[in-house]
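Please keep the sequence and the structure at hand while reading.

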There are 2 protein chains.
Amino acid sequence: MNLKRLNRKEIYSGKVFTTIVDDVEYPSGRKGIREIARHPGGSCIVALFPDQTMLMVRQHRYPIDKFIWEIPAGKLDKGEDPLDCAKRELEEETGYSASQWEKITSIYTTPGFCDEELHLFLARDLKKLPGGRRLEEGEQTMELHILPFAQVKSMILSGEIHDAKTICAVLLADNKLR
Amino acid sequence: MNLKRLNRKEIYSGKVFTTIVDDVEYPSGRKGIREIARHPGGSCIVALFPDQTMLMVRQHRYPIDKFIWEIPAGKLDKGEDPLDCAKRELEEETGYSASQWEKITSIYTTPGFCDEELHLFLARDLKKLPGGRRLEEGEQTMELHILPFAQVKSMILSGEIHDAKTICAVLLADNKLR
């Protein structure tokens, strides 16, 4: 670590992320600041059926004001294990559970200013839950789709899918599945 | 768009990102908030030599307090074209210029709470600049490495590289180069 932290200010403690500003000293002796968006992290799921189709969601994302394609995903609850989070989010967002789970990797989404780490999982042996999906307020327009894995991969390679976690997870899962 | 914005508050206007909190109304009539980290976006470069090696940086990332592997990248200046940003950042961070440029795609790093869009480029026909690198304050410990493209890909597949933009850019470039 090449910076010395002199002081920390928590500017805003949010529901989704917390804004922190640190006063720091560079090795040169000069002073500056470092801004951090602190996020709890989350889990993301490539959920694959035996016929090589997979679960995808399409939802409006408020910060970019666009509907985009993503894999099912959600934030870690406080102290929650990433695999437990993945199982919970898969059930809530899709209405499916899975009995076979494999960790793909974890990714830092944007480590220059944010500590968010996402845990990517491959889930198989899916079962439809009798209760269906359990969407949160504001998720009601999240569409659930079942698409061929090969089609999702094509949508990534053709530039139709822009969500970083989805690109990472699907291309890495593709490598595992080969 | 399934939310109506009632009010916007700019909580903190930072050097790197701005924290915004909107009061919103859901289709149900209930009210809530949406928190946004607004970021200018940036450009990222897979810079490839004719011998199939590429430029990589290894640097300490303050929010996660870790040294990680990444491709060269940087933020867009106000009004800057993404390709101009990519050319500038490649020169500043690596001391190389490139005369052949190709857009790979653009990615949203974490669209649930942040509008950051990164533009991924493949750069070839690299030339070492006489002036060398021009690092900013706080970047002095950023190491520059030249690694085989195939090795970087292996480091991604083995879980040694965790930076999302790097995983997206290298795996997508790999597909282009095949």
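The numbered points below go from the basis of the note to the chain, the interface and single residues.

1. Basis. This is a predicted model, in which local features need pLDDT of at least 70, side-chain atom pairs count only at pLDDT 80 or more, and totals for chains, interfaces and linings use all residues. Residues are numbered from 1 along each chain as its sequence is written, while chains are lettered from A and ligands numbered from 1 in the order in which they are written.

2. Composition of chain A. Chain A has three helices and ten strands; these are DSSP runs numbered from the N terminus, a helix being H or I with at least four residues and a strand being E with at least two. From the N terminus, the order of elements in chain A is β-β-β-β-β-β-β-α-β-β-β-α-α. The C-alpha trace of chain A spans about 60 × 35 × 30 Å along its principal axes.

3. Of the 178 residues in chain A, 38% are buried. A residue is termed buried if 20 or more other C-beta atoms lie within 10 Å of its own, exposed if 12 or fewer do, and partly exposed in between, with C-beta atoms placed from the backbone. Two residues are in contact if their C-beta atoms, placed from the backbone, lie within 7 Å. Among contacts in chain A between residues at least 6 apart in sequence, 59% join residues at least 24 apart.

4. Domains. Chain A is assigned domain 1 (4–38) and domain 2 (42–177); such bounds come from an automatic or database domain assignment. A distance of 31 Å separates the C-alpha centres of domain 1 of chain A and domain 2 of chain A.

5. Strand pairing. Two strands count as paired if DSSP finds at least two bridges between them. Strand 9 (residues 117–128) of chain A runs parallel to strand 4 (residues 42–47) of chain A, and six bridges join them; A:L120 in strand 9 is the bridge partner of A:C44. Strand 9 of chain A also pairs with strand 8 (residues 96–108) of chain A, here in the antiparallel sense and over eleven bridges. In strand 9 of chain A, A:L118 stands opposite A:I107.

6. Relation of the two copies. How is chain B placed on chain A? The same surface serves both copies, since 100% of the contact residues of chain B recur in chain A.

7. The interface. Chain B and chain A contribute 52 residues each to the contact. On the side of chain B that touches chain A, at least two residues come from each of strand 1 (4–13), strand 3 (31–38), strand 5 (53–61), strand 8 (96–108) and helix 3 (164–177) of chain B. This side of chain B has 25 nonpolar, 16 polar and eleven charged residues. Here Ala, Val, Leu, Ile, Met, Phe, Trp, Tyr, Cys and Pro count as nonpolar, Asp, Glu, Lys and Arg as charged, and the others, Gly among them, as polar.

8. Helix 3 of chain B. Ten of the 14 residues of helix 3 of chain B are buried, so this helix is largely enclosed by the rest of the structure. Among the buried residues of helix 3 of chain B are B:I167, B:V170 and B:L171. At 1.5 Å a residue, helix 3 of chain B should span 20 Å, and its end C-alpha atoms are 20 Å apart, which agrees; the expected span is 1.5 Å times one less than the number of residues.

9. A residue at the partner chain. Is B:K15 buried or exposed? B:K15 is exposed, with 12 other C-beta atoms within 10 Å, and its place is in the loop between strand 1 and strand 2 (18–25) of chain B. Not counting residues up to four places away in sequence, B:K15 touches A:I33 and A:E35.

10. Positive phi values. A:D65 is not a glycine, yet its phi is positive, at about 50 degrees. A:D65 lies in the loop between strand 5 (53–61) and strand 6 (66–70) of chain A and counts as exposed, with 10 C-beta neighbours inside 10 Å.
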